[in-house]
Amino acid sequence: MNWRRLLRREGQEASLAKELSFHIEERVADVMRWGVSEEEARRRVRLEFGGAEQVKDDCRDARRARWVEVLSQDVRYAWRDLCRNPGFAAVAIATLALGIGGITAMFSAFDTILLRPLPYADADRLVMIWDDMSKSEGNPTFFSTPAEWTQWRRLNTVFTDIACSQPGNAILSGDGEPEEVRARKVTWNLWSVLSVQPAMGRVFTEDEDNNGARVAVISHGLWQRRFGGASDIVGRKISINDAPYEVAGVMPRGFYFMPSHDIDMWMPASFPPGLRNNFTWHEAQIVARIKAGVSLGHARESMAALSLQVTAKDFRGPHSATMIPLRQQMAGKTETALIVLLSASAALLLIACVNLANLLLSRGAVGGREVAVRAALGAGRGRLIA
Amino acid sequence: MASPKSDLPQGTLDLLILKTVALGPVHGYAIAQRLQQISRDVVQVPGGSLYPALHRLENRKLLEAEWRQTEKGRDAKFYRLTRSGRAQLESGSAGWQRLAEAVGLILGMAEGGSR
């Protein structure tokens with residue numbers, strides 16, 4: 001498309017007018033040669049040639065590039081029309097804005113939870129493992145125990161590694177207002193199982209975990225919010241639950257893990273020896289990475305068998321284990337709800353459009369006269385609708 | 001002007017214009033005149049058909065235009081055939097000849113003898 005030529009409309013218009021008037025003048029001269037007066041000749045030529053404006057319009061149409069002009073005219077017309085009816089404009093804009101806003105909000109939730117990849121490498125091989133307590137507790141996805149984690153880790157053949165996390169609480173004090181942040185106590189290998197790296201600093205080591213070292217990994221959000229994004233945060237001593245802890249590292253922005261998005265701190269699990277043998281302390285969440293080449297089904301069977309073996313001596317009777325792919329686990333029951341909500345907001349947008357169409361229609365009835373005038377002046381069907 | 005005018009079949013005007021222009025650069029009025037003279041007044045193209053057709057052909061790059069002076073010293077827009085215009089003319093007139101012969105054959109059938 002030659003835009004410069006389009007902008008030289010004036011030149012083109014002049015050229016068109018000149019071309020047609022040349023034709024008419026030549027014709028008039030020829031007709032006068034038959035001995036007719038100039039006035040009469042002009043009259044005849046006008047009849048013969050047709051309306052010069054109509055011819056010009058047809059020529060412009062023939063040049064096709066007219067659509068840009070038509071569009072800009074229509075946009076300007078629509079703008080003037082909206083300015084003339086600010087009330088109508090406000091209602092129309094608000095209706096569309098609500099409809100569009102609703103579906104945008106729903107879609108961003110949908111996108112984050114279901115479409116976007118989880119923030120872990122090779123997330124499809126990550127699974128959560130739960131105690132299948134359907135017999136004793138009526139719950140097939142019951143929390144596990146640190147003791148089971150210890151045994152599973154030792155005996156399994158299908159996972160590269162298994163990590164465990166327990167609820168924790170952390171009250172930050174010292175600098176600034178005391179504040180309770182959501183925390184988890186996690187085994188040192190959580191990071192390697194998830195295959196994530198801290199954005200700054202490091203995560204804690206097996207030794208630190210075993211020795212109950214007071215170190216913490218914090219979220220990007222907490223770092224920004226509480227510590228103002230300080231560049232010397234790594235190694236800083238902070239006070240958690242009135243004990244001095246050292247900030248070991250900061251996780252990247254957008255990192256999150258079960259059970260919720262707003263966990264801000266991870267501390268070593270440091271299970272005391274008693275807990276490592278306690279098969280009834282059901283508080284742990286277990287995540288494991290399946291070895292390459294092992295199928296989900298095989299891992300599931302193997303894990304169930306291992307669980308039965310490990311809990312053979314449990315006084316409540318042995319129980320199996322339930323394995324759920326991490327993605328499914330994190331979407332959880334929200335999946336259906338999200339799809340329903342997304343469809344609902346799509347329907348809402350449709351309703352908004354229908355309402356708007358109704359409004360336009362009722363206004364169209366009022367504007368019938370104007371449409372008639374525009375049609376009479378030569379507006380095409382398409383332009384009248386737009 | 002008593003001679004009967006014929007309506008041109010669809011698409012024929014473009015072909016006639018291309019042929020006329022092929023003889024050498026020419027302005028719109030001269031095209032109209034020549035068409036009328038050569039066809040012995042059968043083909044009369046009103047300005048309302050001629051100029052949109054010229055602009056359409058120019059827009060499709062079958063013709064190109066240039067402002068020049070006529071013999072009488074007036075400025076006129078002269079049209080000239082482009083390479084693709086010539087190709088279009090050749091294929092168009094071949095098609096037209098075939099069609100005309102075919103129509104002639106059909107209309108020339110002896111009546112009643114073909115049973």
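Two residues are in contact here when heavy atoms of theirs lie within 4.5 Å. With that in hand, let's look at this predicted model, where 21 residues of chain A are in contact with 24 residues of chain B.

**Between the chains**

Chain A and chain B bury about 2100 Å² between them, and carbon and sulfur atoms give 53% of that area. On the chain A side, Glu19(A), Phe22(A) and Arg63(A) lose the most area to chain B, together 33% of what that side buries.

| Link between chain A and chain B | Count |
|---|---|
| Salt bridges | four salt bridges |
| Polar contacts (both residues at pLDDT 80 or more) | four residue pairs |

Which helices of chain A supply at least two residues each to the side that touches chain B? They are α2 (9–32), α3 (38–49) and α4 (52–62). Of the side of chain A that touches chain B, α2(A) gives the most, with 11 residues. Sorted by class, that side of chain A has 12 charged, seven nonpolar and two polar residues. As for the salt bridges, Arg74(B) and Glu26(A) meet in one through their side chains, at 4.0 Å from N to O.

**Within chain B**

Now for a helix pair inside chain B. Helix α1 (residues 12–22) and helix α2 (residues 28–38) of chain B have axes that come within 10 Å and cross at roughly 105°, which means α1(B) is roughly perpendicular to α2(B). From α1(B), Leu16(B), Ile17(B), Thr20(B) and Val21(B) meet Ile31(B), Arg34(B) and Leu35(B) of α2(B). The residues of this contact are five nonpolar, one polar and one charged.

Key. Residues are numbered from 1 along each chain as its sequence is written. Chains are lettered from A and ligands numbered from 1 in the order in which they are written. This is a predicted model: local features need pLDDT of at least 70, side-chain atom pairs count only at pLDDT 80 or more; totals for chains, interfaces and linings use all residues. Side-chain values use heavy atoms; hydrogens and water are left out. Axes are lines fitted to C-alpha atoms, for helices over the stretch in contact, and angles run from 0 to 180 degrees between N-to-C directions. Helices (H or I, at least four residues) and strands (E, at least two) are DSSP runs, numbered from the N terminus. Angles under 35 degrees count as roughly parallel, over 145 as roughly antiparallel, 65 to 115 as roughly perpendicular and the rest as oblique. Ala, Val, Leu, Ile, Met, Phe, Trp, Tyr, Cys and Pro count as nonpolar, Asp, Glu, Lys and Arg as charged, and the others, Gly among them, as polar. Buried area is the accessible area (1.4 Å probe) that two parts lose on being put together, summed over both. A polar contact is a pair of N or O atoms within 3.5 Å; within protein, one must be able to donate a hydrogen and the other to accept it, and residues adjacent in sequence count only if both atoms are side-chain atoms.
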